Amino acid sequence: YMLPLGNIIKKHSINFHCYADDTQLYLSVQPDKVDQLVRLQTCLKDINSWMTENFLLLNLNKTEVLVLGPKHLRNVCSSVVVELDGVSVSTSTTAKNLGVIFDQDLSFQSQIKHISRTAFFHLRNISKVRHLLTRKDAEKIVHAFVTSRLDYCNSLLSGCPKKSIKHLQLIQNAAARVLTGTRLREHISPVLASLHWLPVRERIEYKILLLTFKALTGQAPPYLTEMIIPYCPTRTLRSQNAGLLVVPKISKSRQGGRAFSYQAPLLWNRLPVLVRETDTISMFKSRLKTFLFNKAYN
């Protein structure tokens with residue numbers, strides 16, 4: 001049923017993403033044109049009518065509206081309440097998107113807190129049965145229940161403050177202690193290095209750089225490829241064949257420094273030429289991990 005639903009949304013000139021059990025609508029609104037949100041309300045009414053005609057139900061309890069932007073501007077948009085079948089759908093402070101909790105500031109503090117609670121819950125349970133498991137089996141369980149949560153969509157945390165990343169690093173440190181039986185008084189960095197685990201910040205950089213490599217080699221979606229611009233100097237320079245990318249100018253007073261279009265070329269240009277000039281993705285992963293590992297534990 002996605003095709004007719006998509007046609008209804010397109011009729012209202014609203015962008016959207018359709019998943020198996022979730023449909024997301026999103027549009028950009030200028031502060032002085034809040035009346036454009038009426039399009040969203042009209043679109044939802046048409047969707048609800050189409051669903052009713054086809055014996056489907058639009059679950060209002062799971063319908064959320066999230067306004068992103070500076071606090072003084074989003075308050076204006078938040079005052080506009082979407083109504084559907086006499087039920088008002090007010091704006092939320094957070095909304096879950098494919099398992100990631102988005103907040104209005106895009107700080108992902110709610111997501112980090114959620115990861116911390118879940119990961120430590122599993123670590124407590126693993127620690128109770130650790131003495132019954134071999135090192136190899138225990139490591140598999142740690143990766144399945146803890147590391148996978150640290151890595152899931154971690155590219156969204158690129159450019160986050162160190163204090164935010166620190167909470168996630170504490171999880172990895174605790175996982176390493178549970179796995180190896182390291183005491184709290186002992187330094188954890190040598191343990192992480194012996195396990196060949198990249199720290200959380202380097203894992204985030206790894207994901208961004210891997211996406212950048214895929215974008216440059218035509219293995220990434222077009223919306224990511226369009227953000228990558230090869231560096232072409234206006235005159236002949238030694239750097240013209242170095243595989244560098246254009247780093248866009250940003251306003252430090254805004255959140256542009258965390259965008260993929262900024263973080264990707266910034267991190268890419270810091271890579272050694274040997275890593276940037278890699279041809280295959282398997283070799284790139286190997287060289288990239290070696291570079292980040294040496295940078296983290298040198």
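**Note on the predicted model**

1. In helix α10, the buried residues are Phe-260, Tyr-262, Gln-263, Ala-264, Pro-265, Leu-267 and Trp-268. The model is a predicted one. Since 7 of the 9 residues of α10 are buried, this helix is largely enclosed by the rest of the structure. The elements that cover the buried residues of α10 include α8, α9, α11 and α12.

2. Helix α12 covers residues 281–297, which is 17 residues.

3. Which residues of α12 are buried? They are Phe-284, Leu-288, Leu-292 and Phe-293. Seen down the axis of α12, the buried residues fall within an arc of 155°, so they line one face of the helix. The spacing can be read with a general rule: an α-helix has 3.6 residues a turn, so residues three or four places apart point the same way. The buried residues of α12 pack against α7 (189–195), α8 (200–216), α10 and α11 (273–276).

4. Ser-158 lies in a loop, between α5 (135–151) and α6 (162–180). Is Ser-158 buried or exposed? Its relative accessible area is 5%, and buried means under 20%, so Ser-158 counts as buried. Apart from neighbours within four places in sequence, Ser-158 is in contact with Ile-204, Ile-208, Arg-258 and Gln-263.

5. With a relative accessible area of 47%, Ile-229 is partly exposed. Together with Tyr-231 and Val-246, Ile-229 forms a nonpolar patch on the surface. The accessible area of Ile-229, Tyr-231 and Val-246 together is about 230 Å².

6. Some totals for the protein follow. The secondary structure comes to 12 helices and 8 strands. Of the 298 residues, 37% are buried. The protein exposes about 18,300 Å², and carbon and sulfur atoms supply 55% of that area. Among contacts with a separation of 6 or more, 59% are between residues 24 or more positions apart.

Key. Residues numbered from 1 in each chain as written. Predicted model: local features only at pLDDT ≥ 70, side-chain atom pairs only at ≥ 80, totals over all residues. Heavy atoms only, no water. Helix = DSSP H or I, 4+ residues; strand = E, 2+ residues; numbered from the N terminus. Buried < 20%, exposed > 50% of the residue type's maximum accessible area, 1.4 Å probe, protein only. Contact = heavy atoms within 4.5 Å. Patch = residues over 30% accessible without salt bridge, like charges linked within 9 Å, V, L, I, M, F, W, Y side chains within 5 Å. Areas by Shrake-Rupley, 256 points an atom, 1.4 Å probe, with all protein chains shown as cover. Salt bridge = Lys/Arg side-chain N within 4 Å of Asp/Glu carboxyl O. Expected span 1.5 Å × (residues − 1). Arc of directions from axis to C-beta.
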